[in-house]
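Hello,

Here is the structure I promised to hand over. My notes on it follow below.

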Amino acid sequence: MSACMPVPLSAAAAMTRLAEPRPAAPSEAAVLRDLALRSKAHWGYDADFMAACVAPFTFAPEDFDRFDIVVIDGPMGPAAFAALSVEGDVAHLDKAFVDPDAMGHGLGRVLMRWATARARALGATHIMIESDPYAEAFYLAMGARTVGAVPSEAIPGRSLPLMRLDLGDG
């Protein structure tokens, strides 16, 4: 390679360089829904299951006022996002998804650092997470603990792990 040719970044280096959350725009609602669906489909769920996930993964315009929603951009557009709300001293991580092509590059950890910092700033003492079973190990690694189960919003009769992440003093 000549000295004046740029050296291409690896996918990991590109993700690390771009991994600063920014506020999501309401105009990105469809892009975020599609990212969430790709992320969920990564775990091998069937077409009927995925169809049932469309509505719960779709942001309405008012959701951008109800939640703090951030996006992490990758080289090809949004690579991850999270939505957080706070009621009193309890934060709720409503959605957190990483595009399958961006998994394994630390974006989930970046989202969790953002969520914990934002929740603390808004006065929360802990974050409640309704986790996909495949994401439970990730949240456990982030310091959360499983405290129960809740019914799935998308699939009648399915339960999801309910997790709690205590924020401590920071």
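Predicted model: local features only at pLDDT ≥ 70, side-chain atom pairs only at ≥ 80, totals over all residues.

Residues are numbered from 1 along each chain as its sequence is written, and side-chain values use heavy atoms, with hydrogens and water left out.

The sheet

Seven strands form an open sheet with mixed pairing, in the order 1-2-3-4-5-7-6. Strands (E, at least two residues) and helices (H or I, at least four) are DSSP runs, numbered from the N terminus. Two strands pair if DSSP finds at least two bridges between them. Strand 1 and strand 6 (145-151) are the edge strands, each pairing on one side only.

Strand 1 (residues 22-23) pairs with strand 2 in the antiparallel sense, over two bridges. R22 has V71 in strand 2 as its bridge partner. Strand 2 also pairs with strand 3, antiparallel, over seven bridges. A hairpin of two residues joins strand 2 to strand 3. Five of the seven residues of strand 2 are buried, so the strand is largely enclosed by the rest of the structure. Buried means under 20% relative accessible area (1.4 Å probe, protein chains only).

Strand 4 and strand 5 pair in the parallel sense, over four bridges. There, L93 stands opposite I129 in strand 5.

The cores

L93 turns up again in the largest nonpolar core, which has 27 residues. L93, L107 and I127 have the most contacts inside this core. Helix 5 supplies its largest share, seven residues. A second, separate core has 21 residues, including L35, F49, F59 and A154. A nonpolar core is a set of buried Ala, Val, Leu, Ile, Met, Phe, Trp, Tyr and Cys residues joined through side-chain atoms within 4.5 Å.

The pocket

The largest pocket has a volume of about 1100 Å³. A pocket is an open set of points on a 1 Å grid over the protein atoms alone, where a 1.4 Å probe fits, with protein on both sides within 12 Å along at least five of seven lines; lining residues have an atom within 4 Å of a point. The volume is the space filled by probe spheres set on the points. The lining has 44 residues, with D94, K95, A96, F97 and E130 nearest the centre. Strand 4 (residues 90-98) gives the most to this lining, seven residues.

Best wishes

Key:
Buried < 20%, exposed > 50% of the residue type's maximum accessible area, 1.4 Å probe, protein only.
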